Structures are given as structure tokens and as C-alpha cells.
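Visitor: I'd like to learn how to read a model like this one. Could you walk me through it?

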Amino acid sequence: MHPQGSNGQGASRRDLYAPVRITQSMKHYAGRPAIALATWALLTLSGVSGAVAVGWGQAVPVVTLEGPKRLVSEPFSQIRGVRELADGRVLISDWVEERVSLFDPATTTDRLVGGPGQGPEEYRLPERLIGLPGDSTLLVDMGNSRLAVIGPDGVIHRAFSNRPAEIPYGIWPGGADAGGRLYFVIPRWARRMPPNAVDSAAPVARWDPSSGQVDTLLTVRGITPRSDAGLPRRTAGLPYVPFALRDAWRVRADGGVVVVRAEGYLVEVRDQDGTWRRGAPVPFRAQRTSAADREVFVRRFLARSPISGRGPNGGLGHTPTDQMTEAAVAETIANNEFAEWLPPFDPALVWLAPDDELWVGRWAQAGEPQVFDVFDRSGRRVHQVELTLGRQVVGVGRETVYLTNTDEDGLEYLELYSRPSR
């Protein structure tokens, strides 16, 4: 898992529905020192230091989110999926409360979809919500190790194992196209990766349920596993190096795949016919990871990761409270390695709109607001949005941006904003 959200900062209740603040600033270029110095010098000499830059020296407009136009009154504990239906209704999954809701913005009412459990219309640890043909939705049911199909009527019509016969190693889909084909990364263990090898060529594959055919389409930079050198056995730890460079990818309805490359920070597009297009590099400034960054990451990782043996019948469950204490968090930090520099973006904060506009969340240091770069379908950055502390983007629809606003108790409120026009 990867940290998402409010950078550990909660908004007060009186600020719960304050408008989103947009600023012009150069302070959010995050990355490596060599790029930072060259970029800053270039922007200063070219006279555009008062604007955010796109490519190498081109100014990009700063836009404002107007709203919120709608609010979901009931709070959530941890939103893990938001999926906009064709008629504007919204499916929302809550990982902690183990519930899926169908919200209607027109009437501001919501109702429960299914319920927690292991039955045919139940789920445990509900996660991603992925669009399917016919305005259906694929729910990643992490706790039951299966996938469920929710119809536009808000009913779970069927569920199946995440290990179909054609794919013995199993899949956790990252996206689907208009034909219902599912896209996923082939896991490390199925590729017999050496334990400490950097996953710089993780294959992204596509499975067609109707034919059973599996095709490998491209490779992305995956996780960097932690090294256990010098550590005692069975120490509390994370399975990878936090803040290490890692690519992100998303699937278009037409079968194209959008890849956000961490090395050099740019967007590449693999069209459905296999041809590639590449956007211009985006400049960023180096920011060292701090003690506060490491603590925020570990707390969010523990809060958002399934733990074996903690659920019903010994299955997956939530992290127990004794692993979330100050001492336990400090031990986890001490027993792990962290990358020295924040990468340019957070792979978990990448959202693809139905019209293929791409929102990419930069890594924000603890206590700083979240910033998003917005790209058009060719991979060109067109504008930038900055959020107030405590707010985070959790989805982008046809005309709506979905944000959470976290209060001082850690509860999340879903807010609906109009998407800015270019």
C-alpha cells in the first residue's frame, strides 16, 4: 500500500466545508538534485518563476475547483474506491467499515450495497471499484480473495475467485477496458524474482475472461524490496522501500494504457494498436525525506494494509491496535530503509477521467498541501491544482472531482467539486 490522504494533518470541523485553495508556487517540484538545479535555473532565467512550468519553460495555468457542489453528509472511516455511474450516482467503498454505498447526488441519499461477510452478495475489506461494460462495476474483495460484479441497480450479481483457471497465480486488477478485459501486474513470485532485486521491469498483462487469453503488453518500474541485511530475523517491517521510484499505470476504455514514469517524470501512452506516444518531461525540485514523512508513511501503511490471521477464520483483517502504538511505529521505522529523496509523484494518487484526462498527485511532505498535475490525453501537462490541508482527491468523473476532507477525529467526508475546464 501507499500513503494517500491528508499527510497526517486533520482539518478542524469549522473548516470542514471550506473552499479548496489554489495557489501559484514553485515550491512543489519534488525529485532529484540535478534536475532541481537545472530546472530552477532555467525557469529563473526564462522569467517564468512566478508560474508553474510545463515541459521545459512553458507556463501552465493554475485553475480553481469551484464548490463543493455536493456533500455526502455521513462520514466514512477510510474510502478506498469511488466509481461514478453513467447517471451520476456514485459507488463508494469503505475499507474499515467494510461497506459499499451507492450515493445519489440528485437526492443526496445513499443506500448500502450488499454487506460484510463471505456470502454471495457480501464482501470483506472492499477496495478498488473498476468500471465494466453495461455500467457495471468490478469490486476488489480483498478479504475474500475474489472479485464481485455490481450492476447499475446497486446489486451484487456474481462473484468469482481472483485466481481464474487461466491464471494460476491470481490477479488483482488495476483496470478494465470497454470490452471487459482486465489489466494487472504479474506478481514477483510468479516471475521468480530474486528476493532483493529492484522490480524495474514489472509486466502489465491483460486477461480476456471470454476467451481466457492472457497477453503481456508492457513493463513498468515496480517496487524496490527492502534489504534485510544486518537486521535480526522476523523484525517488524515493510515489504518494500518507501519513497523509492515506482511507475504508475492506468487503463483507458479503448484499451490504451497510460504510464506515468518516475524516472524523469513524464507520461507515456500505449495506444490500443501498440504504438507509443511520449509527453515532455516535467521539472521537479529535490526534497529529502524527513522523520515526519517516514512516520506518516508507516502509520498510513499499517492502517491500510491487510494482515494475515486477523480476519474471520484466520483470513485477512485489519492491523491490530497494538501494532499502531507509538512504540510499534517507532520500531517499524527503525527496522526499515527509506529512500533519501521523495519521488516526483505518489503512484497511488493517479486518477484517469472518462475523457482520459490524467490527474497525478505529487509527493507532499508532511504538513504540506497536496498538489496535482493535470495532463491531457496526449501526455501534455495543462494545469496544476493545489488542495488545502486535510483534503485529497479520491476520483475524477466526467464533470466532477471527488475529494475527501478529513476531520480531527480521522473521519473522511466526501465532497463533490466541478471539474475545471481547460
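Guide: Start with the element names: helices (H or I, at least four residues) and strands (E, at least two) are DSSP runs, numbered from the N terminus. Leucine 302, for instance, sits in helix H2, residues 291–304. Residue numbers start from 1 along each chain as its sequence is written. This is a predicted model, where local features need pLDDT of at least 70, side-chain atom pairs count only at pLDDT 80 or more, and totals for chains, interfaces and linings use all residues, while side-chain values use heavy atoms, with hydrogens and water left out.

Visitor: What does the protein chain average in pLDDT?

Guide: pLDDT is the predictor's confidence in each residue, from 0 to 100. The protein chain averages 84, and 83% of the residues score at least 70. Over residues 1–57, though, pLDDT stays under 50.

Visitor: Back to leucine 302: buried or exposed?

Guide: Buried means under 20% relative accessible area, exposed over 50%, and partly exposed in between (1.4 Å probe, protein chains only). Leucine 302 counts as buried because its relative accessibility is 8%.

Visitor: Which residues does leucine 302 touch?

Guide: A contact means heavy atoms within 4.5 Å. Leaving aside residues up to four places away in sequence, leucine 302 touches Thr319, Gln323, Met324 and Val329. Threonine 332 is 30 residues away from leucine 302 in sequence, with 9.9 Å between their C-alpha atoms.

Visitor: How many salt bridges are there?

Guide: Side chains of opposite charge can pair when their charged atoms come close. The rule here is a side-chain nitrogen of Lys or Arg within 4 Å of a carboxyl oxygen of Asp or Glu, and the count comes to 27. One of them joins aspartate 135 and arginine 83 at 3.4 Å, N to O. That pair links distant parts of the chain, 52 residues apart: aspartate 135 is in the loop between strands E10 (126–131) and E11 (137–141), and arginine 83 is in strand E4 (residues 79–84). Arginine 83 is buried, at 14% relative accessibility.

Visitor: Which residue does glutamate 295 meet in a salt bridge?

Guide: Arginine 299, at 3.2 Å, N to O. Glutamate 295 and arginine 299 are separated by about one helical turn because they are four residues apart in helix H2. Glutamate 295 is partly exposed at 32%, and arginine 299 is partly exposed at 24%.

Visitor: Which residues are linked in a network of salt bridges?

Guide: Asp247, Arg261, Glu268 and Arg278 are linked that way.
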